[in-house]
Structures are given as structure tokens and as C-alpha cells.
Amino acid sequence: MTVQRKLQFAAFVLCFAGLFAGGLSLAHTAFIASWNEQQLHRLVRDTLSRTEQAIDSAVMKMSDVVFSQDTSCATVDRMAMTRALYGSSIMKNMRLETRDGTCWSYEEKNQALEQSIAAAQHNRTKNPGYSLFSLGFHGWKGLGVRWQYGPEKSIIEVLATGGLLFAILPVELRDSALMQLTLTDGSSFASYAPRAGSGRDEAALIIFEEKSVQYPIAISLKVDSVALAQWNHSLSPLTSAIVVAFGLGFGVLSARGMFRSTSILDELDAALANGEIRPYFQPIFHLESRELLGFEMLARWIKPDGAVIPPLTFIPLAESNGRIERLTTELLKQAGAQLGGLLQAQSHLKLSFNVTPDQYLAADFVDNLTAQATKFGLPLNSMVVEVTERQAIADKDKAAAVTEKLIDAGMQVAIDDAGTGHNGLSAIHALGANYLKIDKFFVDGITLDRKSSELVELLAALAGKFGMTVVAEGVETEEQIAVLLQLGIRAGQGFVYSKPVPATTILAMAAKAVAPGRQADGGGSQLRSA
């Protein structure tokens with residue numbers, strides 16, 4: 001590999017590695033964003049659930065203190081009130097209110113709390129006997145749970161709810177988030193804000209909210225979008241190293257694939273220039289008399305070391321990269337030099353060669369082909385242009401006009417691979433071809449499958465109605481020949497007669513066929529009468 005190509009290869013490696021890393025980065029960012037949102041939704045739901053559980057616990061504790069509607073400050077067990085508060089950091093005090101007066105679990109007076117309870121706005125729960133209200137005074141917020149257990153009798157539990165939001169946010173988000181627990185009336189009974197304050201642009205905050213189904217409470221979490229985007233985004237050194245390694249690996253493999261494709265295309269150009277792609281010829285013969293009727297020209301890429309590149313490797317490459325016309329021209333040039341004299345001497349022999357539908361419909365196709373045939377010494381009346389059925393003919397009217405022009409010039413046209421492709425009966429009807437070549441796929445089945453033989457018989461009968469000569473491709477056994485003859489088919493091509501061979505072998509076959517006392521056009525007359 002030259003220094004220039006090495007530099008190109010390195011550039012491709014870096015380019016593909018960058019694309020891989022960029023794609024992975026986008027995927028990683030999207031995944032982390034989704035994961036972060038799921039985590040915060042879960043955090044909000046869990047906090048709301050803990051708040052509901054605290055209220056549930058308060059309700060149960062109140063029922064432990066109040067045994068009946070007769071419970072009053074005079075009859076209540078103060079120790080029971082105090083015990084009800086034990087074991088919970090959130091339950092701070094309990095207050096009993098009756099016509100006879102008010103009493104607390106703890107006797108110390110809290111004037112600010114008393115005023116807050118007196119001014120409270122109650123929010124009803126699903127159970128009409130219970131209500132919730134926010135409590136607050138300077139430096140403190142809480143939640144009151146009230147149970148109306150009798151006429152003018154109620155018990156209130158005071159919950160210190162600040163702990164519900166304590167240290168639940170990830171450390172990375174604590175300076176960039178706001179949290180708040182509120183009642184239906186909009187009053188807040190617990191909140192969190194960073195010490196730096198909340199002077200943030202509301203439009204830059206992403207909001208996560210949940211409402212309780214059981215109680216008239218809701219939770220709101222607002223997170224700065226920039227901080228959220230950075231949370232969990234950084235990769236560890238090990239992960240970064242793995243990404244780089246995979247990126248470089250992907251880059252190397254991709255660059256190799258591209259260079260391999262470019263290399264094969266370069267080799268194809270060199271092979272065309274150096275004559276490495278050569279014509280081989282497979283005989284077309286009369287099934288009954290076994291006389292040589294012509295031959296189909298096929299491409300073989302033979303490297304200087306004798307290695308043979310299969311046609312399926314380079315023919316599609318030539319078609320998709322604008323080399324097919326050059327390849328066809330090169331093969332016709334060699335065929336003219338090798339077999340032009342034979343075709344001029346034995347005019348009944350036909351030289352068939354394949355073109356794609358795109359070639360067939362190209363502007364000046366007939367004029368260019370006529371000029372090339374004349375230049376290369378190929379008689380026009382010996383040439384048969386085969387149009388494959390494996391690719392669609394885009395414009396059948398134009399194709400019919402091309403066929404007519406070819407026939408006027410002395411050439412003939414064949415539909416190749418009949419029955420296997422895109423064009424079907426419409427091509428047989430519209431193209432106006434001289435030959436119909438039945439694909440090997442159907443010939444293989446005529447001795448095994450009645451449907452195949454019936455289809456071949458149908459194609460042969462249809463071709464006969466349009467004045468076309470039928471050629472069976474891929475004939476490999478004498479049994480197939482016998483069936484084909486029964487179906488009225490007289491011409492074939494396949495290994496039973498010969499595999500594709502170089503021009504020297506065709507010349508030997510033709511010389512053997514024309515023995516003293518035999519007419520040179522005998523085989524041709526048999527083909528035309530088939």
C-alpha cells in the first residue's frame with residue numbers, strides 16, 4: 001500500500017471512528033436522559049408514597065387514643081397520647097378538642113402553633129371525618145391531620161413534614177432543584193430549596209409532578225435543565241477507553257470494506273485494460289441431431305496467476321459502477337478477433353451475448369452496436385442480442401422500437417431467463433424478439449415436476465404462436481433432452497453438450513461439424529424449422 005493510500009486509509013478509519021463515537025454519544029445521551037427522567041419520576045412517587053404512609057400512621061395512632069365518642073380531656077389517657085408519638089420522628093404532638101376544653105399530649109404551650117391551627121384551611125379527604133391542613137410559622141412547616149370523631153369533638157395530630165424531603169435528592173442536583181409538598185388549596189406543608197436561593201428562569205426548569213389518589217396532596221419537583229442534562233452523563237475512564245477501542249475497531253473494519261470495494265473496482269479497470277477479462281463461449285446445439293447452431297458469449301476474468309474470478313463477483317460490480325458497456329465492448333472486440341472469420345464463413349452460426357435492459361434502452365444503442373460489430377469484424381446477421389428477464393424493462397414500447405431497429409440492421413433478439421423475472425408475458429408480447437430462452441430453473445424440473453414441464457410446454461407453445469425459436473438453457477442430461485423434444489423444443493444449451501469454452505475449442509467444434517460433402521447451413525435450417 002502506498003503512503004498516499006495509507007494516509008487515505010487512516011483518514012477513513014478516523015472518519016468512521018468519529019461517526020461511530022458520535023452515534024454512540026447520541027445514543028448514550030438519549031439513554032441517560034431517559035434514565036434520569038425515570039429516576040426522578042420514581043423519586044417523586046416514592047416521596048409521595050412516604051407522605052401517604054405518614055398520614056396513614058397518624059390516623060391509626062389517633063384511633064389508639066380515642067376509643068369512643070365519650071373520650072375527652074378528662075377521660076383521655078395522657079400517657080397513651082404520648083406513647084402514640086413514640087417511634088416516629090415525624091409525629092410531634094397530639095391535641096384533643098372537646099366542649100370541655102383543649103389538651104395536648106405535651107402540656108407546654110406553643111402560641112405560634114395554636115395560632116396556625118386556628119387559622120388553618122381544612123382540606124377534606126375521601127373519608128369525610130378526616131381533613132388535612134398546612135401548619136406553619138417562622139422557620140417551621142408541618143401538616144395537621146384532624147379526625148372529627150364526635151359532635152364538637154376532634155383530635156389533631158401535628159406532623160413535622162420537613163424530614164420528608166430531607167436528603168432525598170441526588171447530591172449532583174441539590175443545588176439545582178426545588179421540591180414542594182402541597183395541599184389541594186395550594187398551601188405548602190413541606191418544601192426544599194437550595195441555600196443559594198431559587199432565582200432561576202422558570203422556563204429552564206423541568207417539572208415532575210404527582211398527585212395522591214388517597215389524600216388531597218401533591219408533590220412537585222423542579223430541576224434545572226442544564227444540571228439534569230449533565231447528571232450521570234460523564235463516562236468513566238474505563239468506559240471511555242472501551243468506546244474508543246470499539247470506535248477504532250469499527251473504523252478499521254469500515255475502512256477495509258470501503259477500500260476492498262475500491263480495490264476490486266480498481267482491479268476491474270486494470271483487468272479490462274490488460275485483457276484479463278476474456279470471452280468464453282457455450283455452444284447452442286440441436287437437441288436431436290447435436291449439430292452446432294451457435295454459441296453464447298460469457299465473461300471470464302482470468303488473472304495472470306491463473307486464478308478465476310466468478311462472473312457473479314464482477315458483473316454486478318460492472319453494472320452498478322458504469323463499466324458494463326466497456327466490458328461488453330471489450331468482449332465483442334476479442335470475439336471478433338477470435339471468431340469473426342468463422343462467423344463470416346459459416347453464416348448459420350449465431351453469436352449470442354447479454355445486455356442489460358438499461359443498455360438496451362440507452363440512446364444510440366443500435367447505432368453504437370452496429371458500428372462496433374463492423375469495426376470488430378462481426379457479421380450483423382450472426383449476432384443475437386439477449387435481454388435478460390431478471391431485470392425490469394422500464395419502457396416496453398421503446399424496447400419494441402429498439403428490437404425493430406436491430407432486426408432491420410440484420411441482427412436478432414432473444415429474451416433470456418424467460419419465466420424467472422420481472423417482465424413476464426408482457427415482454428414476450430411487446431418486445432417482438434426472435435428467440436425465447438427458457439431458464440435452467442424450469443429445465444431442471446421437467447423430469448421431476450409435472451408443473452415445470454407444463455410451464456415449459458406453455459412457454460414453448462406461446463413462443464411458437466409469436467414465431468419465436470425456443471432454446472432450453474442448462475440442459476444437463478439425456479433424459480431432459482428426451483422430454484424437451486417431446487415438448488417440441490429443438491435447441492438447447494448446457495453441460496450435456498459442453499461447458500463454456502475458449503474460442504479455440506469452438507473453432508475445433510465448427511471444423512468438425514463441417515465435414516466434406518455436408519452443407520454449411522444444414523444446422524441453421526434445422527434451428528429455423530424447429
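**Notes on the sheet, its helices and a hairpin**

1. Gln180 has Ser191 of strand S8 opposite to it. The two strands concerned, S7 (residues 177-183) and S8 (residues 188-192), are antiparallel partners over four bridges; pairing here requires at least two DSSP bridges between strands. Four residues lie between the strands of this hairpin, and Gly186 has a positive phi near 90°.

2. A word on the basis of all this: the model is predicted, with local features needing pLDDT of at least 70 and side-chain atom pairs counting only at pLDDT 80 or more, while totals for chains, interfaces and linings use all residues. Numbering runs from 1 along each chain as its sequence is written, and side-chain values use heavy atoms, leaving out hydrogens and water.

3. The chain holds 16 helices and 19 strands, taken as DSSP runs numbered from the N terminus (helices H or I, at least four residues; strands E, at least two). Of its 530 residues, 46% are buried, meaning under 20% relative accessible area with a 1.4 Å probe, protein chains only. Among contacts (heavy atoms within 4.5 Å) with a separation of 6 or more, 66% join residues 24 or more positions apart.

4. Now look at the open sheet, where six antiparallel strands run in the order S2-S1-S6-S5-S4-S3. S2 (101-104) and S3 (123-124) are the edge strands; each has a single partner, so one side of each lacks a neighbour in the sheet. S1 (residues 91-98) joins S2 through four antiparallel bridges, with Thr98 opposite Gly101.

5. Two helices pack on this sheet. H2 (residues 78-85) touches S1, S2 and S6 (153-159), at about 145° to the direction of S1. H3 (residues 111-118) touches S1, S2, S4 (130-137), S5 (140-150) and S6, at about 135° to S4. These angles are between N-to-C directions on a scale from 0 to 180 degrees, with axes fitted to C-alpha atoms, for helices over the stretch in contact.

6. Which side chain of opposite charge is nearest to Glu157? Lys61 is, at 7.7 Å, and the buried Glu157 has no salt bridge (a Lys or Arg side-chain nitrogen within 4 Å of an Asp or Glu carboxyl oxygen). Glu157 sits in S6; beyond neighbours within four places in sequence, its contacts include Lys61, Leu85, Met91 and Val145.

Definitions and conventions
Buried means under 20% relative accessible area, exposed over 50%, partly exposed in between (1.4 Å probe, protein chains only). Lys and Arg count as positive and Asp and Glu as negative; His and the chain ends are not counted.
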